[in-house]
Amino acid sequence: MTLASGPVAATTSEGGDGLRFTVLSSRPQVVSAGNALVRLDVPGGSVQKVRVTRDGTDVTSSFRPVDGGRALEGLVTDLRAGRNVLTASARGVRPARIVLDDHPVTGPVFSGPHEQPFICDTAEFTTVTGSKLGPPADEDCSIATRVDHVYRTTAGKFAPLPAGQTRPADLAWTTTSEGRRVPYIVRVETGTVNRAVYEMSMLADPAADEPDPWRRSPGWNGRLIYTFGGGCSSGWYVQGRNTGHVMDDRMLRQGYAVASSSLNVFGNNCNDLLAAETTSMVKERFVEAYGAPAFTIGWGCSGGSYQTHQIGDNYPGLLDGIVSGCSFPEVGFGTVNTITDARLLDHYFREVAPDAFSREQQQAVSGFGRWESIANLGRGGGRIDPRIFCPGQLPAPLRYHPESNPTGARCDVYDHTVNVYGRDPRTGFARRPLDNTGIQYGLGALRDKAITVEQFLDLNERIGGFDADANHVPERTRADLAATRAAYRSGRLLNAGAGLARMPMIDYRAYTDDAPGGDIHMRFQSFSTRERLLKANGTFDNQVMLVEDNRYGGFSLNSPVLLDALTQMDRWLTAIAADHGPGRPADRVVRNKPRELTDACWTRDPEPRKITEPQVAGNGTTTCNTLYPVWTSPRLVAGGTMANDIVKCRLRPIDPAEYGTPLTKPQLDRLRKIFPGGTCDWSAPGAGQQGLAGTWQSFGKR
């Protein structure tokens with residue numbers, strides 16, 4: 001068995017005695033750029049007798065024998081946009097037929113109509129040699145594909161390879177994970193697909209022949225790491241000036257190929273659907289140019305973790321294993337619900353009822369490990385405001401303004417995902433799956449006697465909500481139920497029961513809950529993902545949690561823990577590939593997990609010690625959560641579950657017994673007036689909550 005190197009391709013032959021097509025570079029339905037790397041298995045090895053046609057045109061010459069003549073492989077070119085039919089025939093065997101649906105190299109493929117306006121950034125994009133890409137060739141921000149070579153110096157730096165030289169005097173050499181000693185020269189391909197700039201890097205000696213799918217660079221260890229960049233705020237309407245980074249010494253020196261694109265950086269594109277589509281197209285380009293990798297590791301922190309989780313679950317086959325740092329389940333709910341609740345609390349504590357709560361009481365209501373995180377996350381809540389986080393590249397005349405430019409570009413997470421959520425017919429804005437109706441802010445703090453009944457009542461009476469432009473209003477926010485259902489069905493709210501159910505996962509966290517100024521990267525988010533795995537699959541045995549302090553700065557391979565996580569993920573995937581035993585894919589994942597790869601934390605000592613123990617949410621109940629407490633959020637303090645997967649809660653009548661303290665009749669009357677429809681029943685499924693509608697969903701035209 002070999003690991004899927006890309007989306008599993010459909011085949012058309014029936015029985016074991018016929019010809020059979022497989023698309024190696026992508027799924028047949030999502031081919032792009034007019035090319036596809038195709039394999040044709042030939043029973044009996046009679047490849048000389050085979051004829052292959054594309055819509056009636058003979059393309060047999062594009063194929064070559066592989067695997068000792070048991071199959072043919074070829075790069076089929078000149079596909080036309082839309083439907084293309086490949087057929088193969090040979091005397092005495094059943095013919096094969098497969099349909100390839102080709103899409104423009106500029107996209108879209110399955111993410112729906114392109115966002116407009118869209119600002120090209122090629123003129124400001126700096127290549128690995130330090131030069132700029134220059135102006136785009138068209139309105140889709142395209143550039144000519146280029147190849148640069150850089151080398152690692154003996155001083156430990158990357159430098160452009162001088163023209164006409166392949167062995168500079170200060171050239172370093174490296175030994176790959178496969179034991180090959182090669183010159184440390186990196187080939188970097190830069191181009192555009194789907195209006196994104198992509199980069200691909202691998203060890204490749206320019207003195208040798210150009211690599212292709214059948215002539216691989218000796219420096220490549222056959223594995224691909226796809227890097228995903230962080231951020232979110234201002235991540236709309238731009239191409240982006242950076243990728244997720246493809247020049248990490250610790251990856252390249254071992255022989256890994258590394259790929260990424262500008263639309264796989266959430267600071268440029270805070271939309272996991274568009275990120276998935278771009279990943280599909282970039283990986284397709286990689287396979288067509290260099291061959292299918294043994295496996296692909298998704299690698300990202302913060303905004304990168306959103307992508308590893310959602311692409312892994314919703315578009316299985318693009319990634320085979322993921323290493324996610326400073327992680328969240330997804331941006332639209334795990335993050336947005338927390339930061340918008342923090343925004344409401346910050347507004348209440350500063351503007352509505354200043355000095356009514358002590359700092360300690362405010363912190364108890366928030367659930368955060370630091371009081372400063374309330375304002376810190378509250379500022380991040382501007383992601384739902386269409387005016388705050390517009391990217392600098394977007395000209396002011398194009399931006400939305402409620403009076404002067406009501407049809408302008410709205411810079412928020414919902415309008416950037418309008419292809420999924422649809423438009424509100426009343427406003428023309430994206431429908432919003434945002435809700436705080438029935439949420440009893442500070443309920444846990446009241447039960448713990450950290451706040452008084454009067455404080456609890458005033459807080460919930462006056463905390464309010466947001467209007468369509470994220471202005472604070474007295475009324476609670478009500479979710480659009482069409483958008484809510486779309487969030488669940490489309491995987492915008494991470495389900496965790498599709499691709500992630502059978503994927504090796506390492507959750508690495510450099511702990512920042514106690515950062516002096518507050519921080520958004522809170523540890524409970526890792527447990528939200530774990531809880532969803534458990535809820536969807538009955539187990540989280542395919543996920544390993546690792547946590548240490550932040551001495552190495554978030555997600556850096558300077559950390560021995562994270563560097564070892566990459567090694568362990570490689571071993572895990574390699575073992576799965578070699579496992580020919582029975583059972584489901586999920587069973588093979590669990591039984592091939594390296595023995596030494598277990599939940600663990602590291603002490604905060606100058607020489608940290610590893611503590612191997614199951615990671616458990618809480619504070620002071622285990623060695624690890626004493627070292628690294630798992631704080632919560634306003635919604636969890638209000639009674640929400642750790643899965644944090646309810647967009648809009650169902651309501652139930654007020655129960656006087658749930659407050660942990662007697663309420664007077666006037667207090668109960670006031671509470672019923674605050675919550676006329678009732679309060680959240682967190683034990684019930686959310687309104688519109690349902691399963692994932694399927695993987696590899698397409699959002700077409702609206």
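## The second largest pocket

In this predicted model, the lining of the second largest pocket is made up of 14 nonpolar, 13 polar and seven charged residues. The volume of this second largest pocket comes to about 550 Å³. Its lining counts 34 residues, and those closest to the centre of the pocket are Glu115, Gln116, Asp415, Val418 and Arg423. Two elements, α2 (272-290) and α7 (418-421), are the ones that give two or more residues to this lining.

Gln116, one of the residues closest to the centre of the second largest pocket, is also one partner in a cis peptide bond, which joins glutamine 116 to proline 117 with omega at about -5 degrees.

## Cavities

Across the whole structure, a search finds six cavities of 30 Å³ or more. The largest cavity has a volume of about 120 Å³, and its lining consists of 13 residues, with Asp272, Val331, Gly332, Thr417 and Tyr421 lying nearest the centre.

Helix α4 contributes the largest share of the lining of the largest cavity, namely three residues. By residue class, the lining of the largest cavity divides into six nonpolar, four polar and three charged residues.

## The crossing of α4 and α9

Two packed helices are described by the angle between their axes and the distance between the axes. For helix α4 (residues 331-352) and helix α9 (residues 453-462), the axes come within 10 Å and cross at roughly 105 degrees. Because angles of 65 to 115 degrees count as roughly perpendicular, α4 and α9 are described as roughly perpendicular to each other.

On the α4 side, the contact is made by Leu345, Tyr348 and Val352, while α9 provides Gln455, Asp458, Leu459 and Arg462. The residues of this contact between α4 and α9 divide into four nonpolar, one polar and two charged.

Most residues other than glycine have a negative phi, and most peptide bonds are trans. Against that background, the peptide bond from glycine 107 to proline 108 is cis, with omega near -5 degrees, and a cis peptide bond likewise joins glutamine 116 and proline 117, where omega is about -5 degrees. Proline 108 lies in the loop between β9 (96-103) and β10 (146-152), and proline 117 is placed in the loop between β9 and β10 as well.

## Asparagines with positive phi

Asparagine 194 has a phi near 55 degrees, which is a positive value in a residue other than glycine. This residue sits in the loop between β14 (185-193) and β15 (196-203), and asparagine 194 is classed as buried because its relative accessible area is 1%, with the cut-off for buried set at under 20%.

Asparagine 644 also has a positive phi, near 55 degrees, although it is not a glycine. Its place is in the loop between α15 (634-637) and β26 (651-652), and asparagine 644 counts as buried because its relative accessibility is 5%.

## The surroundings of serine 528

Serine 528 belongs to helix α11 (residues 524-537), and it is buried, with a relative accessible area of 0%. Leaving aside neighbours within four places in sequence, serine 528 is in contact with Pro329, Met642, Ala643 and Asn644.

Technical notes
Residues are numbered from 1 along each chain as its sequence is written. This is a predicted model: local features need pLDDT of at least 70, side-chain atom pairs count only at pLDDT 80 or more; totals for chains, interfaces and linings use all residues. Side-chain values use heavy atoms; hydrogens and water are left out. Helices (H or I, at least four residues) and strands (E, at least two) are DSSP runs, numbered from the N terminus. Buried means under 20% relative accessible area, exposed over 50%, partly exposed in between (1.4 Å probe, protein chains only). Contact means heavy atoms within 4.5 Å. On a 1 Å grid over the protein atoms alone, a cavity is a set of points where a 1.4 Å probe fits but cannot get out, and a pocket is an open set with protein on both sides within 12 Å along at least five of seven lines; lining residues have an atom within 4 Å of a point. Grid points are joined across faces, edges and corners, and a volume is the space filled by probe spheres set on the points. Ala, Val, Leu, Ile, Met, Phe, Trp, Tyr, Cys and Pro count as nonpolar, Asp, Glu, Lys and Arg as charged, and the others, Gly among them, as polar. Axes are lines fitted to C-alpha atoms, for helices over the stretch in contact, and angles run from 0 to 180 degrees between N-to-C directions. Angles under 35 degrees count as roughly parallel, over 145 as roughly antiparallel, 65 to 115 as roughly perpendicular and the rest as oblique.
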